[in-house]
Amino acid sequence: MRRDGWIVRWFYLPLLILLVGSGWLLAERRGQATDTEVRERLLQQAMEIAQTLDPEQVKALTFTAADRGAPEFERIRELMIAYGRFIQQRSLYSMALRDGVLVFGPENLAENDPLASPPGTVYQEPAPEDFAVFQNGRPATMGPLTDEYGTFISALAPVLDPRDGEVLMVVGLDVPADEWQARIAASRWPPILGTALMLAILVMGVSAIHWRHRQPAAQQRRFQYFETILVGSLGVALATGAALLAWEAEIRERGALFERMAATRAGYVRQKFHDIRDDLSALARFYQTGQPLDCDAFSTFTQPLTRTSAVQAYEWIPRVPAADRERAEVEACWEGFNDLGFWEFDVRGERIPVSGRDFYYPVYAVEPMAGNEPALGFDLGSEPVRRAALEKVARTGLMTATEPLTLVQETESQPGMRVFEPVFAAAAPETEHANAAGTAGELHGFALAVLRLQALIDRAMLRDVYGEGKIIVHLVDLMRGDGELLVAHPQERSDGHADRVDAAYLSQSLFHSVHPVFAFGRAFAVVLYPTPAFHAAHPMRAGMLTGLAGLLLAIVLTLFVGFLRDRQSFLEQQVETRTTELSEREADLAITLNSIGDGVIATDAEGRIARMNPAAERLTGWTLAEAHGQPLARVFRLVDPRNHEPLTVPAARSPAGGAARKKVYFATLIARDAAERHITQRSAPIRADDGTIKGVVVVFSDVTGEYRIREALRESEERFHLMFERHDAIMLLIEPESGRILDANQAAGRFYGYPVERLCAMSIHDINASTPDKVSLKGDGSLPEYRDDFVFSHQLASGELRVVEFHASPILLRGQSILFAIIHDITQRRALEQEMRRLATTDSLTGLVNRRVFLAQVARELERFQRYAKSAALLMLDLDSFKKINDSRGHAAGDSVLQHFADIARQSLRKIDVLGRLGGEEFAALLPGTDAAGAVQLAERLRQAVAERPAEIEGGSLAYTVSVGVTWFASGDSNADSILARADRALYRAKDNGRNRVEAESPPA
């Protein structure tokens, strides 16, 4: 039971503390991770809502009670309500800073909601963090903070003026503190329950083991595997917990990766909607003056827009009074395409001329014409959905889209929209709610963009080169309240998905991402899902592998513990057999002692002679009969050979103290007849099975002849050690075979930072940082002229690495061939050499090869080309308008751009390609083994990568471009200068032709 108590103190109790501590730590880490996840998702939603709001509409808000009923206020509020309902966000609001106080603006809360704040309501209890967002213009999360509305975790994101970066308003999202705390508490329960389970297993196992020890011996053997069961149960529980933790960590990692990919693709869609808004506003300004329609001017203006956007067609819809109908039909831009004039559909769906209205809204001009001819002349006022959109646009003066509908041009049921921008003739200066074209004059008509939503989404995803097929992009209509799924990308992957996207549908996927798009007065959500291709490219195996590894380890440990228990039982059965064998072996031992040539003396626990073999009798001059019972010191008299001072056998000095085994060299034994013999002796205590000391055994040999030889060597070695210890050079004595350090002088101790005693307990491999295959300490010790010099990296006690010259040669010391090493520290010299080599070959700012090295590489490549006729190409690259960057943003920004370009170029080129900086913003690339087509293709890919990836500098992102000149080696090239000159001419053509392009020049025929 005493042994069991020791086990409980030193095994079970620390294990209990470890389990409780680990469970608490895991619970805290899960809680922190949940808190971070809630805050990050809330902030991401706030930022994206702020980014998708129209700053021009925000500028029209006064943030007073007068905003109620204003078109801009009602539109923003309507969008917030639709998106907040979809993401189930109760509190989505906005604030502005007016006269040093915060006032509320549009929000998604119902007017009777306790948290609602009518426009112009002053925020009574703001926190300093609320004002900080207005001051620094950066989004932030905060809380939990308490105000007049309650306690919340909040995320704030600014809506910035694109012209000057001023904070126009701040979009806020709140999560109640109790809901936030409940989510954190729920995340902590799994590790707490797992810890409780393992504690229960441990307590039950320990209790079972203690119960077994209280049973009779025969009964104990029946329950000998309690430890095995306990270890197995704990192992399985730990393996399961580790697998779940690994699986959860991998889910978080994959979720973060998917969220980054999804945010990028949602940004593509949002940007496409914003581009259409800007293009349509430009078309409206084109017709702002109210001049008669010029069909050629309309086509000239809109053709570039149709080539670069996802719009199916741009149209001009004039407001034609009934009295002007005939004239307008004659002047329309549809010669040869329309024989009806202004027309509409009858109840049977057939085209008929319009009549009976005061004003008509015909499709007067369309671009492109091909494929859109059926829409010419169609009166948009004849159809209720389109007429409602026209009336809303005329009433609000804001760009407005129809609900998703089937377009006139379509023969299939493909969702589309018409987006209207009003144009008012004779526009006065901007009023309080002026639109892009002004609202002060009479309504002149509408600029119209016809959108195919499927084509818009597909076109937005053309930039999705690396994620193609890995993510499904859904566009969801939020204005109808039922989450209607409009279109998806890739289109063929939308089969089998629901027509509605709601909370239940979102919960079906492990990963999904929702992003807002507010455009043309309508709220959309971009909902993204991973496809099987995403999961195949990013498989989740860590949990399974961790579980299998843990289970395997648990099985191994269980089997090992079971083996130990079996082994213990087996050993107990062997004890009796071994006891009998030991008695027999003791008799054999007596025969052996009498046969060996060394003297052997054994004493009892009191230090008196109990046994001597014949060799001991001969060397001491005492017979066993005479010596038996005598003190050891009387029979075995030892003196120091140098001064004849008495010596004591170390193990016999204090037998009860359990002295370790000792070895004394060249002691002098005084025999009974006063004869002196030089001996070596070994002594050790004799222990019983229970560890008690029963006596001492001494083994000694006559080495008188060897002693005389060693004395002659000793004086020579003393002179060597005097020089070794006092020299300022770093010196080591090393055993060649093992590398063990036999001795070190004080200079070595000071250099390596170890006490000399510590160095002498180490191996040369402990301080040598070079790989073992580069370290050789073996020399031919038989050749006195043998010598080796090495350069190694040695590690000091502080962890610092020093480069040293290692001069080693063999010497004979104490009869042993060892290596005598002298070490010189050359770290500073080697660093200076490397720095001089680097400065001579590389550009200090970008790390690329410099002009001299690059030109030498071109010359060598030309020699290989002339010898082996293997293709090679050369690129000359120059950053466009780089001087403007230095002048406007400073030279630090210019240096960042140069480093950014060097990084992009390294990633675009192959490892065998040579990239160099020739000077300033001019670079060059040598492409071995590349033909003309491959060089042009690589140059275009590099140019495009630079254009798409702005440099991150202090203060934000900075976009720039590069011009590239391309040429390739030819048999007529006699030197590198001719190749560089061709590439340079091609580069200047790229500059002259507009920059941000690739030009090539072929070698002369």
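A strand here is a DSSP run of E with at least two residues, and strands are numbered from the N terminus. I keep that in mind for Pro 144, which is found in strand 3, residues 140-147. The model I am reading is predicted.

**Entry 1: cis peptide bonds**

A cis peptide bond joins Gly 143 to Pro 144, with omega about 5°. I then turned to Pro 368. Glu 367 and Pro 368 are also joined by a cis peptide bond, and omega is about 5° there. Pro 368 sits in a loop, between strand 11 (365-367) and helix 10 (384-396).

**Entry 2: the whole chain**

I noted the overall counts next. The chain has 28 helices and 38 strands. Of its 1005 residues, 45% are buried. I also checked how far apart in sequence the contacting residues are. Taking contacts between residues at least 6 apart in sequence, I find that 60% join residues at least 24 apart.

**Entry 3: the nonpolar cores**

Which residues touch the most other members of the largest nonpolar core? They are Phe 273, Leu 380, Leu 451, Leu 475 and Phe 520, in a core of 73 residues. Helix 7 (residues 226-286) gives the largest share of this core, 12 residues. A second, separate core has 44 residues, among them Ala 82, Ile 153, Val 159 and Ala 523. I wrote one general reminder beside this. In soluble globular proteins, nonpolar side chains tend to be buried together.

Leaving out residues up to four places away in sequence, Phe 273 touches Leu 456, Leu 475, Val 517, Ala 519, Phe 520 and Phe 524.

Phe 520 is in the loop between strand 18 (513-519) and strand 19 (522-530).

I found Arg 995 in the loop between helix 28 (976-992) and strand 38. Arg 995 has 42% relative accessibility, so it counts as partly exposed.

**Entry 4: helix 11**

I listed the buried residues of helix 11 (residues 453-460). They are Leu 453, Gln 454, Leu 456, Ile 457 and Ala 460. Around the axis they cover an arc of only 160°, so they are on the same side of helix 11. What covers them includes helix 7, strand 14 (415-424), strand 15 (443-452), strand 16 (471-477) and strand 17 (484-489).

**Entry 5: helix 27**

Helix 27 covers residues 932-948, which is 17 residues. From first C-alpha to last, helix 27 reaches 25 Å, close to the 24 Å expected at 1.5 Å a residue. Its buried residues are Ala 935, Leu 938, Ala 939, Leu 942, Arg 943, Ala 945 and Val 946. Why do I say they line one face of helix 27? Seen down the axis, they fall within an arc of 160°, so they line one face. Ala 933, Gln 937 and Glu 948 are exposed on the other side of helix 27.

I checked what the buried face meets. The buried residues of helix 27 pack against strand 32 (872-879), helix 26 (891-908), strand 34 (922-928), strand 37 (962-968) and strand 38 (998-1000).

**Entry 6: helix 25 against helix 26**

Helix 26 has another partner, helix 25 (residues 882-889). The two pack at an angle of about 140°, and their axes are 6 Å apart. Helix 25 and helix 26 are therefore oblique to each other; over 145 degrees would count as roughly antiparallel. On helix 25, the contact is made by Phe 882, Ile 885, Asn 886 and Arg 889. On helix 26, His 891, Ala 893, Gly 894, Val 897 and Leu 898 make it.

**Entry 7: two pairs along the chain**

His 807 lies in strand 30 (residues 801-813). With a relative accessible area of 16%, His 807 is buried. Val 791 is 16 residues from His 807 along the chain, and their C-alpha atoms are separated by 8.8 Å.

Leu 238 is in helix 7. It is partly exposed, at a relative accessible area of 45%. Leu 238 and Ala 554 are 316 residues apart in sequence, yet 8.6 Å apart in space, C-alpha to C-alpha.

Definitions and conventions:
Residues are numbered from 1 along each chain as its sequence is written. This is a predicted model: local features need pLDDT of at least 70, side-chain atom pairs count only at pLDDT 80 or more; totals for chains, interfaces and linings use all residues. Side-chain values use heavy atoms; hydrogens and water are left out. A nonpolar core is a set of buried Ala, Val, Leu, Ile, Met, Phe, Trp, Tyr and Cys residues joined through side-chain atoms within 4.5 Å. Buried means under 20% relative accessible area, exposed over 50%, partly exposed in between (1.4 Å probe, protein chains only). Helices (H or I, at least four residues) and strands (E, at least two) are DSSP runs, numbered from the N terminus. Contact means heavy atoms within 4.5 Å. The expected span of a helix is 1.5 Å times one less than its number of residues. The arc is that of the directions from the helix axis to the C-beta atoms. Axes are lines fitted to C-alpha atoms, for helices over the stretch in contact, and angles run from 0 to 180 degrees between N-to-C directions. Angles under 35 degrees count as roughly parallel, over 145 as roughly antiparallel, 65 to 115 as roughly perpendicular and the rest as oblique.
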